[in-house]
Amino acid sequence: VDSGYWPLFRYNPELAASGNNPFQLDSRKVKGDLFKLLAQENRFASVMRRDPKHAQELDEKLKLAVTEKNQLLQVLSKEDLQGQFHKLVEGLADAGGAGDSITILYGSETGNAEEQAKNLLQDARARGLTGQVSALDDFDFEELPNQKVLILVVSTCGLGEFPQNCKATWIKLQSQDLPMTWLSGVKFGVFGLGDSTYCQFCYAAASYDVRLGELGGQRLLQRGVGDDRDEDRYYTGWENWLPELWTALGAPQVALQREVPPPCYRIDLSPGEVGSPPVTDEDIVPPGATPLTLLTNRLLTPECIGYDRDIRHYEFQ
């Protein structure tokens, strides 16, 4: 999948009913080494042994085909598919270009930063802005200098660890070959998620914020932080940071349009009595799931000091 040999995508017709692009590309970026993958295939390995030169030619042709296929899938997965098509036909701009839109990139380990990034894109569109959202490592690194506005939402794991889907981009940003003017045409903002009880609070977001500035990026506003220890968790810092972001972008504070998102669940009512429900708990099993028996449920956090988190040890069979 990483090499692009087997692209992963899905088609959800329910998205089309709500006006969104039903085509969703899961493997957004070619990361792996195609040649190493092919070397594990007996057919290609035998060609490599018999005629290495011919094997190299086949490898180059396949790389070109994989790259072209990936570019096509990238275009098909764009939210503004019709607009991207007109750009391709008229030759006005590259389909991957940012134009005047905002680019929202996230680094997320448990899904919180990803959720906030996607919500931010919806809020931006409700204010008349256009944009795209992606994980940092799924975004083409070489395209970063071509973005007009870059917004990063990055969480920090444990003791200052970077989320897995933004580590590769961070390593590339450390390259000494990048000039100090590499991002001189980019305006950027960063919001970090973390827990202030850890000494490396929002370390990943702070690192990105400093490095983008060192590479010539123009900071739109001060870095925002969401603390999981606040009363409303990271939402407290997020709600304080958002109005500053809209002001920096010249967008209205109040959404121009409010669309009710499609429901995530459907509830079907079945006749029955309270004493004898028509469906038992054992019958409620999500598709693809396997019911397990809970053997142990032990509280790990002390109750006497009023710790606000319920951390438990479970054992299943």
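Trainee: Why is Phe-162 called buried?

Mentor: In this predicted model, Phe-162 has a relative accessible area of 10%, and since buried means under 20%, Phe-162 is therefore classed as buried.

Trainee: Why is Asp-209 counted as buried, and which residues is Asp-209 in contact with, leaving aside its neighbours within four places in sequence?

Mentor: The relative accessibility of Asp-209 is 5%, and the limit for buried is under 20%, so Asp-209 falls in that class. Asp-209 has its place in helix 8, residues 203-214, and, with neighbours within four places in sequence left aside, its contacts are Phe-188, Val-190, Arg-219 and Arg-223.

Trainee: How do you know that Arg-219 forms a salt bridge with Asp-209?

Mentor: The closest N and O atoms of Arg-219 and Asp-209 are 3.1 Å apart, and because a salt bridge requires a side-chain nitrogen of Lys or Arg within 4 Å of a carboxyl oxygen of Asp or Glu, the pair qualifies. Arg-219 lies in strand 7 (residues 218-219) and Asp-209 in helix 8, 10 residues apart.

Trainee: What makes Asp-209, Arg-219 and Arg-223 a network of salt bridges?

Mentor: Asp-209 also meets Arg-223 in a salt bridge, at 3.0 Å from N to O. Asp-209 lies in helix 8 and Arg-223 in the loop between strand 7 and strand 8 (224-227), so this pair ties together parts that are 14 residues apart in sequence. With Arg-219 bridged to Asp-209 as well, the three residues are linked in one network.

Trainee: Why is Phe-316 called partly exposed?

Mentor: Phe-316 has 49% relative accessibility, and because exposed means over 50% and buried under 20%, Phe-316 is placed in between, as partly exposed. Phe-316 lies in strand 10 (residues 312-316) and, together with Leu-292, Leu-294 and Tyr-314, makes a nonpolar surface patch of about 430 Å².

Trainee: What is the average pLDDT of the protein chain, and where is the pLDDT below 50?

Mentor: The chain averages a pLDDT of 81, and 81% of the residues score at least 70, whereas over residues 92-99 the pLDDT is below 50. Where pLDDT is low, the predicted coordinates should not be read in detail.

Key:
Residues numbered from 1 in each chain as written. Predicted model: local features only at pLDDT ≥ 70, side-chain atom pairs only at ≥ 80, totals over all residues. Heavy atoms only, no water. Buried < 20%, exposed > 50% of the residue type's maximum accessible area, 1.4 Å probe, protein only. Patch = residues over 30% accessible without salt bridge, like charges linked within 9 Å, V, L, I, M, F, W, Y side chains within 5 Å. Areas by Shrake-Rupley, 256 points an atom, 1.4 Å probe, with all protein chains shown as cover. Helix = DSSP H or I, 4+ residues; strand = E, 2+ residues; numbered from the N terminus. pLDDT = per-residue confidence, 0-100. Contact = heavy atoms within 4.5 Å.
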